[in-house]
Amino acid sequence: MGRQVLEQTAKELVAEGKGILAADETVPTVTKRLNALNIESTPDSRRTYREMFFTTPGAADFISGAILYDETIRQKGSSGIPLADVLAKEGIIPGIKVDTGAKPLAGSPDETITEGLDGLRDRLKEYYGLGARFAKWRGVIRITDTRPSPMCIDVNAHALGRYAALCQEAGLVPIVEPEVLMDGAHTIERCENVTSAVLHAVFDALFTQGVRLEGMLLKPNMVIAGKSCPKQASVNEVATATLRCLRRHVPAAVPGIVFLSGGQSDVVATRHLNAINALATPRPWKVSFSYGRALQFKAGQQAFHHRAKCNGAAALGKYTDVLEGKGVMVAASAGMTEWHDD
Ligand code: 13P
């Protein structure tokens, strides 16, 4: 019974043409966004900002779930109803970020280990009571000439395994997010090698810790050249390398892969997702999005609905520039989107 519910939730999160809104930025990160809009960051203004996305008319046509931050899942919407219930009423599954951030790794302080395992069993129980039906944990891997170290990959994979096992015990679908950062000057080939090693280690840890693959989702980076690499890969090269890497390392029992945008601009993130879904190469899993920055790049319900619609089409491989309407945001597509949680 428990297993079936988990599997059902995982499937619903990657329903045809739908993906996930990652609205789980920490308070300091949302504060930067609000300040850039000349809005003071208070619990109330943060609630209004999040609610604007959650209540966008038609959002549920393209958005299956929303990942909330601890503050948000405890807040009530303007109508007095808890925000998690506002989402559920619209047919959007509420989720929750449960890691407490990436901290310097003892013995290799220029790398990070994600924390949050202490007390996690009790927190998951509480979040379930508040309406969450899935969770997210982000491990962070940085590429340099000498990094990541095998230790960094190993400990982050182990933590993802422990988190995922606890989530399934509590009835929440774990979104397992090992993010290989796009910061740096590395080539797309190096990104593919590192992403391969990371995914291999993650699925090894999930296997060792008895995580049921049918009841989880993977949230990886795309295989992409580093931001400052002089040789940027084409959309088709990114799609080909990403799908090759995932086919080699992600078991077919996983129901869905939902990409992070990782600092890609909104339009580029959509194009890449679409190109992956448009490839003729077989895919045993659904391939969709769990974007934060690339969905909320521009504030406003209209901008959000437009982006969600484009990504919904890309999850089916049916996105074209025509969908962008007049003046495709080429300028935006060239830029990077800042402000992720450190
Ligand atoms: P981005 O799409 O902004 O990378 O955020 C997704 C996310 O949840 C990263 O943890």
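Guide: Let's start with Leu105, whose bridge partner in strand 5 is Ser108. This is a predicted model, so local features need pLDDT of at least 70 and side-chain atom pairs count only at pLDDT 80 or more, while totals for chains, interfaces and linings use all residues. Residues are numbered from 1 along each chain as its sequence is written, and side-chain values use heavy atoms, leaving out hydrogens and water.

A strand here is a DSSP run of E with at least two residues, numbered from the N terminus. Two strands pair if DSSP finds at least two bridges between them. Strand 4 (residues 102-105) and strand 5 (residues 108-114) have 4 bridges and run antiparallel. Together they make a hairpin with 2 residues between them, and Gly107 in that turn has a positive phi of about 90°.

Now for the ligand. It is surrounded by 14 residues, the closest being Lys136, Lys219, Ser261, Gly262 and Arg293; a residue is near if one of its heavy atoms lies within 4 Å. Strand 6 (134-141) and strand 10 (286-291) each give this shell at least two residues.

A polar side-chain atom of Ser261 is 2.4 Å from one, a side-chain N or O atom of Arg293 is 2.7 Å from one, and a polar side-chain atom of Glu177 is 3.0 Å from one. The ligand alone exposes 300 Å², of which the protein buries 98%, by the Shrake-Rupley method with a 1.4 Å probe.

Notes. A polar contact is a pair of N or O atoms within 3.5 Å; within protein, one must be able to donate a hydrogen and the other to accept it, and residues adjacent in sequence count only if both atoms are side-chain atoms.
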